[in-house]
Structure formats: structure tokens, C-alpha cells
Amino acid sequence: MASINFGWNNKKSKTMKILIILAHPELKSFNGAMFLTAIQTLEAQGHQVKKLDLYRMGFDPVSDRKNFSTVSNPDYFKQQLEELHATELHGFSELIDQQQVLLEWCELMIWQFPLWWYSVPAILKGWVDRVFAMGRVYGDGHFNETGKLKGKLALLSLTTGDREEAFLPHGSTGSLSGVLRPLQRGILAYTGFSVLRPHVVFAPVRLTDSQRANELEKWSKRLMSLAKENSIAVGSY
């Protein structure tokens, strides 16, 4: 894949616009620590950082007519048709429009979450369901390489409940790349994002305090050197 080089270590280079989203019910969790570490590290480098803490903001993951201030068909709710209608008439609710503006604003989006049932927590999936609207975020021939979010980067930062060996190709869970493919291929690459290698902390609950501190340090160091990274191939179904 192509090298990602934004010159982050060059003080004359522009700063990055970074959106970090936390999906964990406990801010004092290890996911919360990773979220705060990322914010502190990136802000210290001079990047513009905006954050969404979905649980603390009480984000409602249920997608329905409250997404919209306009109505295309009052008798039958077809979400994608309502999204197309709202895109034409600037008819998204204030909350959803604000989230979409953040999505369009960022150059790098980081999701911080625990792996639950082979996917993201429902609150984050619901954020995607409501915010990634047809017409505004994808559609009309804009998919994958021609996606509307082309030129942006995405990075999944996650924790697991099981140890690393469970996520090997012949492990009890199976290949981690396969587990993450619906997210990295089906959502991120599909809408145009270039995807960076996921950052995974395996079973932090089984680590000692010093090991968890070391993992946070590794995360911080990685964030300071993302300019050296290549995007990855997310695979196909």
C-alpha cells in the first residue's frame, strides 16, 4: 500500500485534524486510559483533536425518524430514501448534522473500543448507522476507491478479552483480520478511508499494572510515528 507521510515530525508542516471516538461505558477503564493517552499525545504534538465520548454524551444508537428534520414519505420509513432526501434539503437533525460535520472535518479518525461479540459495542455501531448517511457519506457511485471520504485515514484501537494466541488463524477465535474485516472493509474502506494497521491490546485485564503502563507507552509512541506507516490491505469477502 502507499506510504502515508504527512510530515508530522516537521514543525513547518500543517497539523492534522483528528477525531477520536470512545465507545466504553467506564471512563476509568483501560479503553478510557487509551483514549486519554491519545488525546494528550496528539495535542502535545500540536494536532487539532476533537473527541466524542459516546457513553458520556448519552448518544442514542437507535436509528429512526429522529435522524431527520425533513420527511420524504410520512407513511413508510425507508432510512436510505430519507437520508437522500435530507442530503438534498439539509434535513438532518442538529445532532446528526454535527456528527457528520466532524466526520467530514477530520483527516484521521480513531475508534477506541473493546471488542464485543466480534465487533464494536452497539453504541458505536449505532453511531455509524445514524451518521454514515446515504447521499452525504456514500452512494451515487462513491464507494471504496471513489468513496466520498477518500483521502482520510482511519485507525481501530481496541482491546480484547482473550489472549493474542486466540486471534491467530487457527486460534479459538480466528484471525483478527477476519474478525475486523466487516469494520475495516465494510464500513471504513467502503466509504473511502485508507485504513491503518489496527492497534490491539490483548486481554488488558490479565496484565499487571506495569504491563498496562507499558502498553499505554507503546500506544503513545505509535501515535508519534504514524507518519512512517503505510495503509493496509483490508481484504475482500
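User: What do the buried residues of α4 pack against?
Analyst: They pack against β1 (17-22), β2 (48-53), α3, β3 (108-114) and α5. Buried means under 20% relative accessible area, exposed over 50%, and partly exposed in between, with a 1.4 Å probe and protein chains only. Helices (H or I, at least four residues) and strands (E, at least two) are DSSP runs, numbered from the N terminus.

User: Before we go on, what kind of model is this?
Analyst: The model is predicted: local features need pLDDT of at least 70 and side-chain atom pairs count only at pLDDT 80 or more, while totals for chains, interfaces and linings use all residues. Residues are numbered from 1 along each chain as its sequence is written, and side-chain values use heavy atoms, with hydrogens and water left out.

User: Back to α4, then. How many of its residues are buried?
Analyst: In α4, 7 of 10 residues are buried, so the helix is mostly covered. The buried residues are I123, L124, G126, W127, V128, R130 and V131.

User: At what angle do α3 and α4 pack?
Analyst: Helix α3 (residues 94-105) and helix α4 (residues 122-131) pack at about 95°, and their axes are 10 Å apart. That makes α3 roughly perpendicular to α4. Axes are lines fitted to C-alpha atoms, for helices over the stretch in contact, and angles run from 0 to 180 degrees between N-to-C directions. Under 35 degrees counts as roughly parallel, over 145 as roughly antiparallel, 65 to 115 as roughly perpendicular, and the rest as oblique.

User: And which residues make that contact?
Analyst: From α3 they are L95, I96, Q99, Q100 and L103, and from α4 they are W127, R130 and V131. Contact means heavy atoms within 4.5 Å.

User: New topic: how many aromatic pairs are there?
Analyst: The count comes to 7 aromatic pairs. Rings of Phe, Tyr and Trp (its six-membered ring) pair if their centres lie within 6.5 Å; planes under 30 degrees apart count as stacked, over 60 as edge-to-face, and the rest as tilted. In one of them, the rings of F68 and F77 have centres 6.3 Å apart and planes at 55°, so this pair is tilted.

User: F68 and F77: buried or partly exposed?
Analyst: F68 is buried, with a relative accessible area of 10%, whereas F77 is partly exposed, at 30%. Ring pairs also link F68, F77 and F92 into a cluster.

User: What about F143 and Y190?
Analyst: F143 and Y190 form a tilted aromatic pair, 5.2 Å centre to centre with 45° between the planes. The pair links distant parts of the chain, 47 residues apart: F143 is in the loop between α4 and β4 (153-159), and Y190 is in the loop between α5 (176-188) and β5 (194-195). F143 is partly exposed at 30% relative accessibility, and Y190 is partly exposed at 29%.

User: One more ring: what lies over the face of W105?
Analyst: K50 lies there, at 4.5 Å from the ring centre. A charge sits over a ring if NZ of Lys or CZ of Arg is within 6 Å of the ring centre and within 35 degrees of the ring normal.

User: Last one: where is Q184 found, and what is it in contact with?
Analyst: Q184 is found in helix α5 and is buried, with a relative accessible area of 4%. Leaving aside neighbours within four places in sequence, Q184 is in contact with L156, A189, V195, L196, P198, I232 and V234.
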